[in-house]
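The sequence and structure come before the description.

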Amino acid sequence: MASNFCKLCLEFHPLCNSHALPRSIFNYILRKNSGKTISVTDDKETPVQFSSDSWDAEILCANCERKMNEKYDDYGIAVFRGHEGAVMPEATGMRFLRIDRKRLRMFFLSVLWRMSVSTHPNYSNINLPYSWEDDLRSALHFGISIPQSRYTVFLCKMRDSTPHHGFRNEDIRGLICAPFGRRYESMTSVSFPFLGFFVEVFFPKVLKPFSKREGVLHGRSPVFLAPYFELLDIPEIMQLLVTGLEKHTIGLSRLP
């Protein structure tokens, strides 16, 4: 355990192996796959192969690691596992009941911040401006509220409606990939899959018509609907799946 300056409290301490996406997500996937995941990268050289990497990096001291886990990760994971409130399927999406929207939103912002400050290669393309990183750091460390207009969190439930040989819900729930950025006319976003859902965090501010759409995690209501969205309609994920298939087809694969 090396010592360095903790990214959250900014004090010099021994650092833990910290995770941006909670470690329990990797534990869940590894348990389902005998301790291994299938790793696919979007470059042309790296083969499709098994991996047990949980994308950790030394960024937080023990006290801050515990704080982030207890204040944010434990709640976020509990919501998606139905241990906090309830999650119910409906015709148009997944309905969350009895949730704390503000706390759930802050959980996703904590994931975004950790992605930005992590040194793990799978997060290397996510680098928020320093002032934005520091604003998020202060909010997470001192419990300061972040205005809803500064970051907009959008959440939808991924599914595959392909009639034959499509992805099962259990397959989609076990899908993880490196986060990716998108640029729009007046805003930027960071997106990533999360336990079968798709998360997109917009900043600095979204246009009003978008902020009113279903799936935007704002306000205080304890009821929230994450609308369905087709997995194969997400271009970045579709491209990653195509790349993996092409590599496997030409023999650039270490899978049996």
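## The sheet

An open sheet of 3 strands runs in the order β1-β2-β5 with antiparallel pairing, where two strands pair if DSSP finds at least two bridges between them. Its edge strands, β1 (3-5) and β5 (56-61), each pair on one side only. On average, and with direction ignored, neighbouring strands of this sheet are turned by 65° against each other.

This is a predicted model, in which local features need pLDDT of at least 70, side-chain atom pairs count only at pLDDT 80 or more, and totals for chains, interfaces and linings use all residues. Residues are numbered from 1 along each chain as its sequence is written, and side-chain values use heavy atoms, with hydrogens and water left out.

Strand β2 (residues 12-19) pairs with β5 in the antiparallel sense over 5 bridges, and His19 stands opposite Asp56 in β5.

## The helix on the sheet

Helix α2 packs on the sheet, touching β2 and β5, with contact meaning heavy atoms within 4.5 Å. The direction of α2 makes about 100° with that of β5; axes are lines fitted to C-alpha atoms, for helices over the stretch in contact, and angles run from 0 to 180 degrees between N-to-C directions.

## Kink and end of α2

A kink of about 40° in α2 is centred on Asn69, the bend being the angle between axes fitted to the seven residues ending there and the seven starting there. After α2 comes Gly82, whose phi is positive, near 80°.

How values were computed. Helices (H or I, at least four residues) and strands (E, at least two) are DSSP runs, numbered from the N terminus.
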